[in-house]
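Hi everyone, thanks for coming along. Let me put the sequence and the model up on the screen, and then we can walk through a few spots together.

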Amino acid sequence: MNLDACRPRADELGVLETAALLRELTAGLIAVADFDEALDRLVRIARDAVPGVGCCGFTALRAGEPAGVAASDPHRAELDDLRHGPDTPALSAIRRREMVIAGGLADEMRWPAWRARARALGVHGVISAPVDVDEQVIGAINLYTQVPEALTPSHQLTAMLLAEHAGLLLAAVRDRERASARADRLDGALLAEGVVGQAVGVIMAQRGCAAPEALDVLRTAASSLDIPLREVAERLVLTVSRPRDN
């Protein structure tokens, strides 16, 4: 048995390294509530953690239309941006719902316009893996190498695991983003309500804080007293509107 064949190469991820990558990705995205920020973190973590990968990008579609791009190297962001043309490895992966690999772009016949741009930017190999986020958003994570024929089966496995894990994490980010938007709409409705808006104004004047912070003060008081938010607001407004005894 050739023991050297069992050892991972220095430019590949082993099992422990792949697990560490997925843990780092989870830690980096677990509390993020902005989709674009999550994509930026994703591509930076993947670039830094996968050996042999010079840059990483993400191409997102929402309802079939381009919905966002992230690139660990801003100078190569055009490679992930469908506005420069739809014939790309990322879109091929999304349409086919399977990983797309091109280890040596010099001999590659697909995506001629994209390939020329990639080679001009020093990219010689790519793996694009589809990422299912939710019913509206899909995408592809793109791993680029600057050395021809540097992509190995280990890179392919890593890309597959990365795409699966990223899809779950990005779906959670989208859920938090929607929940935050609903909370903002609720806050707007509460602030527009007469007595709550008045109470918020009182707290803002007393504490010198912004409206969202004042609304949080009301919510905390309502929770502590175990009474409805509106009742807390009414009590506060009533208290400050009473004439003071001389």
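Ala71 itself is found in strand β2, residues 65-71.

A word on what we are looking at. This is a predicted model, in which local features need pLDDT of at least 70 and side-chain atom pairs count only at pLDDT 80 or more, while totals for chains, interfaces and linings use all residues. Residues are numbered from 1 along each chain as its sequence is written, and side-chain values use heavy atoms, with hydrogens and water left out.

Now the overall picture. The protein has nine helices and five strands; these are DSSP runs, with helices being H or I of at least four residues and strands being E of at least two, numbered from the N terminus. Along the sequence they follow the pattern α-α-α-β-β-α-β-α-β-β-α-α-α-α. Of the 246 residues, 43% are buried. Buried means under 20% relative accessible area, exposed means over 50%, and partly exposed is in between, using a 1.4 Å probe and protein chains only. If you take contacts between residues at least 6 apart in sequence, 60% of them join residues at least 24 apart.

Let's move to the helices. How do α7 and α9 cross? The axes of α7 (residues 194-207) and α9 (residues 229-241) come within 8 Å and cross at roughly 60 degrees. Axes here are lines fitted to C-alpha atoms, for helices over the stretch in contact, and angles run from 0 to 180 degrees between N-to-C directions. The two helices are therefore oblique to each other: under 35 degrees counts as roughly parallel, over 145 as roughly antiparallel, 65 to 115 as roughly perpendicular, and the rest as oblique. On the α7 side the contact includes Val195, Ala199 and Ile203, and on the α9 side Ala233, Leu236 and Val237 are among them.

Helix α7 also meets α8 (residues 211-225), with axes within 9 Å and a crossing of roughly 110 degrees, so α7 and α8 are roughly perpendicular. Among the residues making this contact are Val200 and Met204 of α7 and Leu215 and Leu218 of α8.

Back to the cysteines. How many disulfides are there? The count comes to zero, taking a disulfide as a pair of cysteine sulfur atoms within 2.5 Å. For Cys55, the closest cysteine sulfur is in Cys56, 7.9 Å away, which is too far for a bond. Cys55 is buried, with a relative accessible area of 3%, and Cys209 counts as buried at 10%.

Last stop, the backbone. Most residues other than glycine have a negative phi. Arg97, though, has a positive phi of about 60 degrees; Arg97 lies in the loop between α4 (89-96) and β3 (100-102) and is partly exposed, at 37% relative accessibility. Glu149 has a positive phi too, near 55 degrees. Glu149 sits in the loop between β5 (137-145) and α6 (153-192), and is exposed, with a relative accessible area of 57%.

Methods. Contact = heavy atoms within 4.5 Å.
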